[in-house]
Structures are given as C-alpha cells and as structure tokens.
Amino acid sequence: MGCGIGGPVAAIALTKVGFSTVVYEAHLDPDHDRGSFLNTASNGVDALRLLGIGPRALEAGFSTPRMVMWSGTGKRLGDVANGRTSADGSTSVTIERRHLYRGLRDEASAHGIRIAHGKKLDGLAFDGDGVCVSFADGSSDRADLVVGADGIHSRVRTLIDPSCPAPRYTGQLSVGGITRGARISATPGEYHMIFGKRAFFGYSAPRAGEVYWFANVAEPETTREALAAVGSDAWKARLGALFEGDAGPAIEAIAATENIVAYPIFDMPRVPIWRREGAVLLGDAAHATSPSAGQGAALAIEDALVLAKCLRDVDGIEPALAAYEAQRRPRVEKVVKYSARVGGTKVPGPFGRWLRDLVMPYVLSRYANSDAHAWLYDSGLGWDERAETG
Ligand SMILES: Cc1cc2nc3c(=O)[nH]c(=O)nc-3n(C[C@H](O)[C@H](O)[C@H](O)COP(=O)(O)OP(=O)(O)OC[C@H]3O[C@@H](n4cnc5c(N)ncnc54)[C@H](O)[C@@H]3O)c2cc1C
C-alpha cells in the first residue's frame with residue numbers, strides 16, 4: 001500500500017519470492033508533490049543492488065560519499081564519510097525525489113507489477129482468512145498479505161492499532177530546493193553542512209551552477225499545507241534574513257532558486273504494534289526517522305528486502321512477519337534515536353556554538369572514515385542466505 005519508496009521495492013522483492021503483488025497508491029498523479037531531493041544512503045543502495053534494482057532506479061542521481069562540516073563563521077570543522085563505498089564503487093546517491101520515485105515505479109512495472117493510482121486505502125477487515133482492503137473510492141480488494149508502506153501519516157498503522165501514537169514533531173522545518181544557474185562552484189561528491197548562527201544550511205553542488213540545498217529552521221508545529229501556502233518569494237526573504245552574516249553560499253543559492261519547498265519534520269520513535277493478522281507496516285509507517293541521518297529511504301528499502309526473505313524462508317505468514325519485526329525493530333529504532341540526536345544539535349545558542357566549534361574538529365577526526373559508522377551503513381544484509389528466524 002503506497003507507491004513511495006518502500007512500496008514498489010517491497011512489491012519487487014515479494015514478486016521475487018513468489019507473491020503476486022499490486023501496489024495501490026492514493027494519489028492519482030504519479031508525480032504529485034514530489035519536491036526536492038534526498039540522500040539515498042549507501043546501505044539502501046546496497047539493498048537495491050541485492051534485489052537487482054540498483055543502477056537504473058538511481059541513474060538520475062549523483063554520488064555523494066563525503067560530508068564537510070563548517071561553522072557559520074567559515075571555519076572548517078572537519079569531514080566525515082557519508083556512507084560506505086562498496087566493492088563495485090557505488091556510494092550514497094543524492095537524487096531528486098521525483099526521479100527516485102519514478103525509477104522505482106519503472107522497475108516495478110518492468111517486473112510485471114500493476115500500480116493502481118487514485119486508490120486511497122480507507123479500511124481493513126480482518127476475518128482470519130486474509131485481509132479485505134477498502135478504498136476511499138468505494139472499491140475493495142482481498143489479499144493474503146497487506147504491506148502498509150503508506151508513509152509517516154500511515155492509515156494502515158491506525159487500522160492495525162487505533163491507539164498507536166501520532167508522529168512526533170521535531171520542532172524543525174526542512175526547507176529546500178535545487179538551483180540551476182547560480183554562480184557557485186561545483187564540489188562533486190561532497191555535502192557541505194554549515195552550522196549557521198540562526199539556522200542550519202546543507203548543500204551539494206554536483207556541477208557548476210547547480211546546487212541541491214536544504215535549510216533546517218526552528219518553527220512551532222505547523223502543517224505541510226500551511227507551509228505550501230508561504231510561497232518561494234516569502235521563503236527567500238525569511239531564509240535570507242536567517243543566513244545573513246553566515247559564511248558560505250546560502251544566500252546566493254536561495255536567491256537563485258525558483259521553487260522552494262518546505263516540510264515540517266516529524267519522526268516516530270516507537271510504533272508499538274507493527275502487524276496484525278496478515279497486515280504489516282514497512283518504512284516510515286513503522287519507524288519514520290528525521291532526515292538528519294539521511295536514512296529514511298535506505299531503511300524502507302532494507303525493510304522490503306528483509307520482509308521478502310522472511311516470507312521466503314519462514315513457514316507461514318504470521319511467523320514470517322514476526323521474524324521480520326524481530327530482525328528490523330532494534331536497528332530501525334536505533335537509527336531513529338540517532339537521527340533525532342543529530343538533528344537536535346543543529347541550531348544551538350551562542351555558548352553551544354562556541355563549544356561545538358571548539359570540540360567538533362576533535363570529534364569529527366574520530367569519525368573521518370566510514371568504519372566509525374559501520375553500524376549505520378553496514379546492514380549486514382544479503383539475499384541468498386536464509387533469513388534469521390526470530
Ligand atoms: C524534508 C525531508 C527530507 C528527507 N530527506 C531524506 C534523505 O535525505 N534521505 C533519506 O533517506 N530520507 C529522507 N527523508 C525521509 C524519506 O523521505 C522517507 O523515509 C521515505 O520516503 C520513506 O519511504 P516510504 O515508502 O515509507 O514512504 P513514502 O515515500 O512517504 O511513500 C508513502 C506513499 O504512500 C502513499 N499513501 C499515503 N497514504 C495512503 C493511503 N491511505 N492509501 C494509499 N497510498 C497512500 C503516499 O502518497 C506515498 O506515495 C526525508 C523526509 C523529509 C520530509
């Protein structure tokens with residue numbers, strides 16, 4: 001359920017282990033509202049490769065294996081690996097969201113999977129013999145297994161457990177865009193992360209003049225709709241004031257961007273119930289992480305691979321779903337926690353900034369190579385060996 005990242009990948013993985021799958025997506029327009037870009041971490045790239053989906057789905061992206069950290073005064077604080085480089089040379093990939101989603105949809109179609117758009121899941125009925133799914137348009141379907149890959153505001157999650165907690169607002173917005181034609185020099189392969197005085201600015205410039213950027217801005221809780229109503233010119237004015245006086249290309253990149261999009265950042269620290277009688281959660285529906293660790297997409301892809309392996313190797317759907325949850329829950333909850341911690345350090349007060357600029361170079365020197373974050377980027381997943389059974 002849901003044709004974002006986890007949905008099509010799960011459909012492909014389940015097809016590989018013998019299921020006949022359909023992907024139902026709420027939106028009628030496949031390219032609706034797919035603004036901005038994301039970092040597909042190397043562990044997600046690895047999992048796609050194991051499923052045989054790698055290169056084509058990501059071909060519109062560019063390699064981003066390193067991150068350089070800067071203070072708002074222009075001091076280089078250090079640099080760290082953004083993921084690992086695999087034996088075939090692949091790394092974390094930055095890609096426009098709409099290109100990744102389209103790439104995954106194309107891969108699913110190439111595997112013979114039907115994608116039905118304009119099908120907003122509304123209800124689930126559990127009768128002990130599969131799951132009956134009903135849609136907002138009045139239609140319905142039956143399945144042995146329903147995978148809720150319907151994102152952070154998942155409907156499947158509330159149908160599996162009506163008392164599940166709501167997503168947690170992190171207190172920050174992510175505002176971003178892609179600039180073409182700015183006079184900013186290219187630094188292929190690198191993200192630059194700038195701890196500004198009033199807000200955080202990150203960017204990568206794969207080609208001269210082209211800048212993929214985002215800003216994290218503190219803001220009381222708001223909605224996606226309210227943010228969409230703000231408009232690019234108003235964002236330019238607001239962000240221009242926030243980054244005034246900071247070193248780096250923030251102001252120029254922002255001013256040269258045609259379309260600026262903004263999201264309130266939520267996460268889901270712990271979803272107590274992931275599954276019920278043939279329905280199971282996957283990706284953000286089960287464990288949305290804030291973007292600070294750049295892991296949400298990769299975790300959804302890993303989930304898909306593990307779910308399919310468990311269904312392949314464990315007898316019976318319920319025991320297989322239990323094995324999937326047992327294998328995934330500790331890892332994803334650890335990543336959500338880690339990402340929340342990273343996000344919380346982005347805009348400290350004056351003393352925090354002073355301390356950070358002093359201490360961070362030493363801390364970063366310990367994390368300069370990718371082994372320091374092996375737990376994050378090495379999922380240890382394979383496809384051919386048997387799934388862990390619990
Ligand atoms: C501003 C921002 C920046 C981010 N940056 C990064 C990053 O750099 N790296 C990274 O890895 N992650 C990033 N993330 C997180 C990442 O986008 C998610 O973790 C990832 O998209 C999760 O994939 P998913 O398939 O679970 O959900 P989604 O990609 O959200 O897909 C869910 C799909 O389900 C559909 N849907 C919803 N409700 C229904 C319904 N009732 N019936 C049918 N379909 C439904 C939706 O329309 C959507 O297509 C970012 C998130 C935000 C908000």
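Pro-249 is buried, with a relative accessible area of 14%, where buried stands for under 20% relative accessible area, exposed for over 50% and partly exposed for the range in between, using a 1.4 Å probe and protein chains only. The model is a predicted one, in which local features need pLDDT of at least 70 and side-chain atom pairs count only at pLDDT 80 or more, while totals for chains, interfaces and linings use all residues. Residues are numbered from 1 along each chain as its sequence is written, and side-chain values use heavy atoms, with hydrogens and water left out. Helices (H or I, at least four residues) and strands (E, at least two) are DSSP runs that are numbered from the N terminus.

**Pro-249 and its surroundings**

- Pro-249 is found in the loop between helix 7 and helix 8.
- When neighbours within four places in sequence are left aside, Pro-249 is in contact with Ile-184, Ile-194 and Tyr-203, contact being defined as heavy atoms within 4.5 Å.
- Although Pro-249 and Gly-202 are 47 residues apart in sequence, they are 9.9 Å apart in space, C-alpha to C-alpha.

**Helix 7**

- Helix 7 (residues 232-243) has 12 residues and reaches 16 Å from its first C-alpha to its last, close to the 16 Å expected at 1.5 Å a residue; the expected span is 1.5 Å times one less than the number of residues in the helix.
- The buried residues of helix 7 are Ser-232, Trp-235, Leu-239, Gly-240, Leu-242 and Phe-243.
- Seen down the axis of helix 7, these buried residues fall within an arc of 160°, so they line one face of the helix; the arc is that of the directions from the helix axis to the C-beta atoms.
- Asp-233 and Ala-237, on the other side of helix 7, are exposed.
- The elements against which the buried residues of helix 7 pack are strand 12 (168-180), strand 14 (200-207), strand 15 (210-218), helix 6 (224-228), helix 8 and strand 16.
- After helix 7 comes Gly-245, whose phi is positive, near 90°.

- Thr-257 lies in the loop between helix 8 (250-255) and strand 16 (261-267), and Thr-257 is buried, with a relative accessible area of 1%.
- The side chain of Thr-257 makes polar contacts with the side chain of Thr-179, at 2.6 Å, and with the side chain of Trp-213, at 2.8 Å.
- A polar contact is a pair of N or O atoms within 3.5 Å; within protein, one must be able to donate a hydrogen and the other to accept it, and residues adjacent in sequence count only if both atoms are side-chain atoms.
- Leaving aside neighbours within four places in sequence, the residues in contact with Thr-257 are Gly-177, Ile-178, Thr-179, Trp-213 and Lys-236.

**Helix 10 and Asp-313**

- Helix 10 (residues 296-313) has 18 residues and reaches 26 Å from its first C-alpha to its last, close to the 26 Å expected at 1.5 Å a residue.
- Helix 10 is mostly covered, since 16 of its 18 residues are buried.
- Asp-313 lies in helix 10 and, at 11% relative accessibility, counts as buried.
- Not counting residues up to four places away in sequence, Asp-313 touches Glu-385, Arg-386 and Ala-387.
- The C-alpha atoms of Asp-313 and Val-17 are separated by 9.3 Å, although these residues are 296 residues apart along the chain.

**Asn-43 in helix 2**

- Asn-43 has its place in helix 2 (residues 42-50) and is buried, with a relative accessible area of 1%.
- Not counting residues up to four places away in sequence, Asn-43 touches Gln-295, Ala-298, Glu-302, Arg-331, Leu-376 and Tyr-377.

**Val-22 and the second largest pocket**

- Val-22 is in strand 1 (residues 22-25) and is partly exposed, with a relative accessible area of 34%.
- The second largest pocket has a volume of about 380 Å³, and of the 20 residues that line this pocket, the closest to its centre are Ser-20, Thr-21, Val-22, Ala-143 and Leu-145.
- On a 1 Å grid over the protein atoms alone, a pocket is an open set of points where a 1.4 Å probe fits, with protein on both sides within 12 Å along at least five of seven lines, and lining residues have an atom within 4 Å of a point.
- Helix 1 gives the most to the lining of the second largest pocket, with 4 residues.

Key: Grid points are joined across faces, edges and corners, and a volume is the space filled by probe spheres set on the points.
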